[in-house]
Amino acid sequence: GKRGGGGSGGGGGARKGAKKGGGGAAATALTEKELRALEREKERREKEKEREKERREAERAKEVERQLGLARKYATVGWNLGNLCRLDRCVLAHCNDNVSGMVVPWLYVGMLFASFCWHVEDHFAHSINYMHWGAPKTWYGVPGDQADAFEGVMREQLAELIESEAALMHKMA
């Protein structure tokens with residue numbers, strides 16, 4: 001007969017492994033052998049998941065160790081910007097303070113059409129700049145003996161802006 005009743009032969013076919021003669025829930029029951037097989041499969045999958053989890057954790061730990069090794073190595077390199085001013089032949093190595101911007105490096109992030117305020121470096125020191133990536137940028141400089149004339153031109157060209165905010169020149173420096 002065909003499954004689902006109807007047709008010639010009457011009655012629906014019994015599911016493989018179902019108990020004969022009963023109806024309802026008993027018609028979908030699994031044999032003991034099928035139950036044990038399902039339990040073994042479940043245990044196998046759980047063990048596999050656990051092994052995969054342990055493998056991923058071991059890989060993470062290995063990567064962390066690798067990164068720490070690189071960080072330790074980099075921490076002692078003379079070209080590390082945090083070490084550059086602490087090298088024996090650098091005059092700033094004798095400065096006991098962490099003068100921000102002098103012995104502690106800064107990072108600036110810019111974008112298209114970004115600008116940075118015209119300024120004189122702290123203590124009139126030189127500056128080192130490195131372009132990590134992006135299009136080349138143009139630097140403009142004003143000779144020190146022309147600083148007053150440059151500031152005069154800026155005050156003249158930006159008079160309205162400077163008047164609207166009296167402390168603007170000090171905020172930009």
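This is a predicted model: local features need pLDDT of at least 70, side-chain atom pairs count only at pLDDT 80 or more; totals for chains, interfaces and linings use all residues.
1. Arg-66 has a partner: it forms a salt bridge with Glu-63, and the closest N and O atoms of the two are 2.9 Å apart. Glu-63 is partly exposed too, with a relative accessible area of 34%.

2. Why are Glu-63 and Arg-66 separated by about one helical turn? They are three residues apart in helix H1, so about one turn of that helix lies between them. As a general idea to keep in mind, side chains of opposite charge can pair when their charged atoms come close.

3. Now walk back along the helix to Arg-55, which has two partners to look at. With Glu-52, Arg-55 forms a salt bridge whose closest N and O atoms are 2.3 Å apart. Because Arg-55 and Glu-52 are three residues apart in helix H1, about one helical turn separates them. The side chain of Arg-55 also meets that of Glu-59 in a salt bridge, at 2.3 Å from N to O. Here the two residues are four apart in helix H1, again about one turn of the helix.

4. Are these residues buried or partly exposed? Arg-55 is partly exposed, with a relative accessible area of 37%. Glu-52 is partly exposed at 31%, and Glu-59 is partly exposed at 45%.

5. There is also a network to find. Salt bridges link Glu-41, Arg-44, Arg-45 and Glu-48. If you search the whole structure, eight salt bridges turn up.

6. Next, have a look at Asn-80. You will find Asn-80 in the loop between helix H1 (32–75) and helix H2 (81–84). Asn-80 counts as buried because its relative accessibility is 12%, and buried means under 20%. A polar atom of the Asn-80 side chain lies 3.3 Å from the backbone oxygen of Tyr-74. Leaving aside residues up to four places away in sequence, Asn-80 touches Tyr-74 and Ala-75.

7. The protein as a whole exposes about 15900 Å², with carbon and sulfur atoms supplying 57% of it.

8. Stepping back, what does the overall layout look like? The protein has five helices and zero strands, and from the N terminus on its elements run α-α-α-α-α. Of its 173 residues, 6% are buried. Take the contacts between residues at least 6 apart in sequence: 7% of them join residues at least 24 apart.

9. Finally, please check the confidence before you read too much into any one region. The pLDDT averages 79 over the protein, and 80% of the residues score at least 70. Among the elements, H1 has the highest mean pLDDT (93), while helix H5 (residues 168–172) has the lowest (62). Over residues 1–15 the pLDDT is below 50, and this stretch has 13 contacts in the model beyond near neighbours in sequence. Residues 17–23 also have a pLDDT below 50, and that stretch has six such contacts.

Definitions and conventions:
Residues are numbered from 1 along each chain as its sequence is written. Side-chain values use heavy atoms; hydrogens and water are left out. Buried means under 20% relative accessible area, exposed over 50%, partly exposed in between (1.4 Å probe, protein chains only). A polar contact is a pair of N or O atoms within 3.5 Å; within protein, one must be able to donate a hydrogen and the other to accept it, and residues adjacent in sequence count only if both atoms are side-chain atoms. Contact means heavy atoms within 4.5 Å. pLDDT is the predictor's confidence in each residue, from 0 to 100. Accessible areas come from the Shrake-Rupley method with a 1.4 Å probe; for residues, only the protein chains shown count as cover. A salt bridge is a side-chain nitrogen of Lys or Arg within 4 Å of a carboxyl oxygen of Asp or Glu.
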